[in-house]
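Colleague: Could you take a close look at one helix pair for me, and then at how the chains meet?

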Number of protein chains: 2
Amino acid sequence: MSKQLHLNAFLMSTGHHEASWRLPESNPLANTDVEHYRELARIAERGKFDSVFFADSPVLFSDVGRRPAGSLEPTVLLTAIAAVTSRIGLIATASTTYNEPFNLARRFASVDHVSAGRAGWNVVTTAGPEAAKNFNLADQPAHAERYERAAEFLEVSFKLWDSWQDDATLADKESGVWGENAHVRPIEHVGRHFQVRGPLNLPRSPQGYPLIVQAGSSEDGKGLAARYAEAVFTAQQTLADAQAFYSDLKARTAALGRNPDGLKILPGIVPVIGATEAEALALERELDELIKPEYAREQLARTLRVKPEDLPFDRQLPADLPDEDEIEGAKSRYTLIVTLARREQLTVRELIGRLGGGRGHRTFSGTPEQVADAIQEWFDAGAADGFNIMPAVLPSGLVAFADHVVPLLQQRGLFRTEYTGTTLRDHYGLPRPSGRREQDPSKSLQEATA
Amino acid sequence: MSKQLHLNAFLMSTGHHEASWRLPESNPLANTDVEHYRELARIAERGKFDSVFFADSPVLFSDVGRRPAGSLEPTVLLTAIAAVTSRIGLIATASTTYNEPFNLARRFASVDHVSAGRAGWNVVTTAGPEAAKNFNLADQPAHAERYERAAEFLEVSFKLWDSWQDDATLADKESGVWGENAHVRPIEHVGRHFQVRGPLNLPRSPQGYPLIVQAGSSEDGKGLAARYAEAVFTAQQTLADAQAFYSDLKARTAALGRNPDGLKILPGIVPVIGATEAEALALERELDELIKPEYAREQLARTLRVKPEDLPFDRQLPADLPDEDEIEGAKSRYTLIVTLARREQLTVRELIGRLGGGRGHRTFSGTPEQVADAIQEWFDAGAADGFNIMPAVLPSGLVAFADHVVPLLQQRGLFRTEYTGTTLRDHYGLPRPSGRREQDPSKSLQEATA
């Protein structure tokens, strides 16, 4: 069997196109409708996707006029979905800057228990000053500080997940001894950001650890991914950029003594699928015409740290934008947008159209055959271990992918026709951590999961 | 129709009797088995209970030898149960000392959304130095400090839940305006413990606020309950004590300008039910004989802040125990235990037997008729608005109550034969908060919910 690709369905209310909620077919209140998300997860499971994924940030961006705003807390949402599915992996974002490791490690372990081993955690440091203001802070901690905290947060989490050995539970009714005290141990973590005694108040979960996912592509983000991540979501616009990112991150992973196959790289793709190419392009055009450019310009201005009036619609971006080094949040997103605009010499209006479709991710409109080709091209060319599928419209875009693109990938021998395991780690071909790490804190993650 | 009583099912692994896991019928790994809890919730719903409830603390008490230890994070557990039930209310404990209001308010609002209005939050301040050590602290904050933080935590939560008006969502596809910005507003909370800008990143939930429950019976606890709670769980051993607690708390509630009917008082009862009284007593005896007294004595010593060797099994408690004033955590539990032991002149061994059955709650063994009588007596005598039912053994004790005691209460006209509403607030006969509170922060909760 040839090398297999991995598919994650990145789900977001009515779809990734910012105007998708305005289509006649869309439920504009889908963002808080648990049945909507259950339906999406069932479709993805029917398509044998590895996993579904929900992004998150503990803040409401101020403009609710523009598009569906606000969302269910992701670990709650994953749990609600777990109840109506049996195989598909369940990944959500949670912030290391605005959570406590004891609470969050327990929550993901709980999701892993109730889903029988299907939980994954996309570890983010949460960019932007707005979120900080919901958590007693006037501004976000500096970028490097947030990443340092993230690394320690993960170390504490690993220790907590390993604080119960797999064999800690005896359940010996006869002797009246329920658990083996020697196999449930405090972690006594004392670090720069956290002091956590432990143990966790929950036996070890089916997967040991949830799958660790990472999505930031700044230098600090790539460093964190190389050290800890098992899957990476990334936004790449061109094959050459994606290849460079792929090689770089695999090399960084190997340089830390990890097997680079233990980290799966999944660039995002926003497919707009039609029975014919013309149909796909017509849907793309319909969506773009529903964008309200004033709204989009305001968000672009916020990201670029300029005023909306500094961005006339029919001009290119101003020449004197700040360097990435000066940006304290969302560094890689900032660079991606500026690079895209400069490389293709886009006007602000054109840039808004490109971003409206996928917020900087690769967009692709075409027939199922063309979408399958686009995917295979990058996969064969060493740019991806799989893809983060971001349908422009939901549920219809996911239905089109699952029912028309997936069968082509299966025919080409690139994708599973049935699940061969039951856990999220099984789907990604990743081992269950042994739990021996806690017993020797000097061990790296790689050694522990070997 | 005569006044109706309310029933909450307090669920805990294999039951409230600490030796229940050792019975042949028990699943000793029930504490992490989501299917076990789903079955219990379905039984309670079949019995038309108002709600189920899960206690929680963000810490593992050190001795896993004694009984099932560790539990699923409660908002995850409530969500997992919501998926297989349609009416029963879903209440869980969460700590105001070891959470952030933005995260927790969102989580309960999310549970309220996915359950279509069935969420309740038991607000606790988390007693004991052990939990503090999981959250960067060497010891717990002082009792008064914890309660001050709890009050501010609740104020912030109310503001966040009201930060979206009910009519904020327009979903106007034609004009392309999804939400009304003027109806989604920052809360700009600046207090002693919290600075939270808001708004919440989630539209207002079906109930507006989750039901607010409180369970501490110290002076500070009663003060918090009188001001904010809509239901109170309490441990009372005698009718006279329960009547005194009931009158006191209702009077405190009225003194703050609230309608005392807006706060429902539910003492706990641990029923051991048999087809005959002899059968019930035999089951109680079987359970008590399965207790390992060394384990129980260690926990008692911890609660009383003495050494285990200071508590010989066949003597009464030492005379020189500290005053409640000197206890910084779990004040009301401390006083309850000491009062019980002194009043009934119990030896340590006898006290352990009494606590092993219900940890200080009223225990009662008998036929369904006798249990119904015990409940009606307190209800008619002005000691309770309902009861917190704490089966000694699960699921069998809940089955016995739902299928044999509930029908008697229904025949007596004391309890619903069918749900008349769909939300948890409906079941308890409590109004949905209007959400106008946020617009006038000087308004009391009572005015806002009037």
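Modeller: The contact is made by B:His143, B:Ala144, B:Tyr147, B:Ala150, B:Ala151, B:Leu154, B:Glu155 and B:Phe158 on the α5(B) side, and by B:Asp220, B:Gly221, B:Leu224, B:Arg227 and B:Tyr228 on the α6(B) side (contact means heavy atoms within 4.5 Å). Sorted by class, that makes eight nonpolar, two polar and three charged residues (Ala, Val, Leu, Ile, Met, Phe, Trp, Tyr, Cys and Pro count as nonpolar, Asp, Glu, Lys and Arg as charged, the others as polar). The axes of α5 (residues 143-161) and α6 (residues 219-228) of chain B come within 10 Å and cross at roughly 15° (axes are lines fitted to C-alpha atoms over the stretch in contact, with angles from 0 to 180 degrees between N-to-C directions; helices are DSSP runs of H or I, at least four residues).

Keep in mind that this is a predicted model, where local features need pLDDT of at least 70, side-chain atom pairs count only at pLDDT 80 or more, and totals for chains, interfaces and linings use all residues. Residues are numbered from 1 along each chain as written, chains are lettered from A and ligands numbered from 1 in written order, and side-chain values use heavy atoms, without hydrogens and water.

As for the chains, 75 residues from chain A and 76 residues from chain B take part in their contact. Together they bury about 5,900 Å², 58% of it on carbon and sulfur atoms (accessible area, 1.4 Å probe, lost on being put together, summed over both). A:Asn136, A:Lys173 and A:Trp178 supply 13% of the area chain A buries against chain B, more than any other three residues. There are two salt bridges between chain A and chain B (a side-chain nitrogen of Lys or Arg within 4 Å of a carboxyl oxygen of Asp or Glu). A:Asp56 and B:Arg106 meet in a salt bridge at 2.7 Å, N to O.

How values were computed: Helices (H or I, at least four residues) and strands (E, at least two) are DSSP runs, numbered from the N terminus. Buried area is the accessible area (1.4 Å probe) that two parts lose on being put together, summed over both.
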